[in-house]
Amino acid sequence: MGTWKYHLLLSVVALFVLGPLGGIAASYMNFSVGFFVGGQVLAGILGSAVTYGYGAEGKHGANYMQTMAASVASLCAMSVLIQSMVWLGMEMPPAWQLMLFVGCVGMFAVGVGMLYTPLLVDKLQLDYPSGLAVANILRALTDKRLLKASISKLGGGTLLGALAAWMTEKVAFVASIGTSAATLGAGMIVGSRITVPAIVMAVIGLVLVPTLREMGWLGPQDPFRKIGFVIGLGMICGAAAVDLSLLAVQAAKRIRERASAKDEEEESWKKVNIPRLLAWVGVWGGATLLVGTQVLNQPVGWLLFGMLLALLFVLINGISFGITDQNPISSAFVISVLMMSMMGLRVPLVGMMAATILLISTSVGCDMQQDRSTGWRLGTNRVTQFRYQVLGVIMGALLCVGLARVFMTAYPALTINQLDNPNAEVGQWGSAMTYKLVGAIRDLGSLSQAVVNALLLGLAIGFVYELLRKVVRGNARYQQYVKGSRQGFAVGWTVDAILLPSPYASSFGGFVAFPVSLWFGAGGIVTSVWNTFSKRGEPAVSGSPGEGEALPEDMSTMSLMGGGLIAGESLFFLIAGLIGLASLLA
């Protein structure tokens, strides 16, 4: 351990196996269902297999690997930005120019994320639930039997996902019902309290389509999704206004509490050279502006504005991510678009390039903070972890552009602007993330009254629902009731999933086509039924340290199977896409 050969081993596996695996899945999910599930759990499990022979201290090596792999995945997920540029009709620059720009923004984001780490991770000690789960996984996987069980479930799910993807290509009936193993798998990971609200929103939208057409909000042939995504964006922003206000209060309280505590000498693994870090941010910020203006010919003022917004939202979204495990990237994007519109910007393509800096920074920077929270719990060297993330960003910048080109060349449906062609046959390529990005920015400065009204309606719904959820869920008697009996559990589920659903969850039903919402909902229902009626929902390994203790939800049977379904379907379509691309080139 600690030798150059050790780090070479970890880097090769993370850069050429785990990172691309997570990146492929993230890119494919954003192209299909419009969101992605981070690859930390998968990378942590497989990384632990590599470092198992090093014993308990191998958890640090596995953490380095999942840090690098997660960086690759975060940037690969941003391949939808290139798809958005295609939808907007932007003349695409050479691939190397895009890779250079994405890489510079990623390096800038890594530095910004690390700058806020002492505040969010060390001072405030935010939970970062996913980071905590990964830390628990890396500790738990020193048990050989648990390691084997985890890999078998992931492997089984991957095979099923690949089989389902093959059937959608070969069996007409399977394709006609909108089958998607990745969508089902994503629902299995998050559970029915998140997925059922998406179904409810989609059903309400379907019922209201005739009324919305009479109101002029939809055209004669437009689906609910055409205006539903605007309502969904408003709901996210309304809920975020409530959450961020409460988060600010909580953050101030934690700062006072930590300030009153006696400062302890900083441990060696935590130490970071702040002057060098500031220099890093300055140098890569300058490089981003240089590439953006001299290579991509974008105006320096709007690029600089995007960087300033990134400095703000990496902190705001980092607090949200640390407490709620929600990174409201879409909200940051919409707010940035509104601000640019108010400042007089009327060119969508310029706005997209400025927003690219914000989106990549909030994705990579907040992921950096989550990885630091894992390292904080494990005592992993922070500087070494930073270096692994930098290498991951380099690979991610290359794959981000490369995967976008591969997918869009092999599957031309990805290049169809679904806002202008709402009834186009696009198969499984729903592209919900691209749909809302382009929808929010293409009418920059000239929003129709229907869009404004839909946005205001969504804002009101999101604000009121999230406020009521906070009041109800914060009531001690209510919490005691829902946890005290089966009847209480049923009432709690009904409130969370149907009566007062999370606006973040409900909005998904406005972003995607109706069948996608149903498959997503089905996955969550399967998981909730399994966890309710089977003790295997929270497995424990006999004879392992802490026998009988429930494992993190991230390692439940359904979660592992769901992750496998996502990986299997995404890998199948990537391989099929590469074959199709090769045949086109031939």
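This is a predicted model: local features need pLDDT of at least 70, side-chain atom pairs count only at pLDDT 80 or more; totals for chains, interfaces and linings use all residues.
Residues are numbered from 1 along each chain as its sequence is written, and side-chain values use heavy atoms, with hydrogens and water left out.

Helix H11 (192-215) and helix H24 (514-533) each give two or more residues to the patch, where helices are DSSP runs (H or I) of at least four residues, numbered from the N terminus. The largest share, five residues, comes from H11, and Leu206 is placed in that helix.

H11 and H24 also each supply at least two residues to the lining of the second largest pocket, as do helix H8 (144-170) and helix H9 (172-176). A pocket is an open set of points on a 1 Å grid with protein on both sides within 12 Å along at least five of seven lines, and its lining residues have an atom within 4 Å of a point. This pocket holds about 810 Å³ of space, a volume being the space filled by probe spheres set on the points. Of its 35 lining residues, Val426, Gly427, Ala513, Phe514 and Pro515 are the closest to its centre. H24 gives the most to the lining, with four residues.

The largest contains about 60 Å³, and its lining includes Met78, Phe101, Thr356 and Cys400. Helix H4 (80-87), helix H5 (95-115) and helix H16 (348-378) each give two or more residues to this lining.

Two kinds of side-chain pair complete the picture. There are seven aromatic pairs, meaning rings of Phe, Tyr and Trp (its six-membered ring) with centres within 6.5 Å; planes under 30 degrees apart count as stacked, over 60 as edge-to-face and the rest as tilted. Tyr64 and Tyr388 are stacked because their ring centres are 4.9 Å apart and their planes at 5°. Tyr64 lies in helix H3 (residues 58-76) and Tyr388 in helix H17 (residues 382-410), so this pair ties together parts that are 324 residues apart in sequence.

The structure also holds five salt bridges, each a side-chain nitrogen of Lys or Arg within 4 Å of a carboxyl oxygen of Asp or Glu. In one of them, Asp496 meets Arg193 at 2.6 Å, N to O. That pair links helix H21 (residues 486-499), which holds Asp496, with helix H11, which holds Arg193, 303 residues apart.

Conventions: On a 1 Å grid over the protein atoms alone, a cavity is a set of points where a 1.4 Å probe fits but cannot get out, and a pocket is an open set with protein on both sides within 12 Å along at least five of seven lines; lining residues have an atom within 4 Å of a point.
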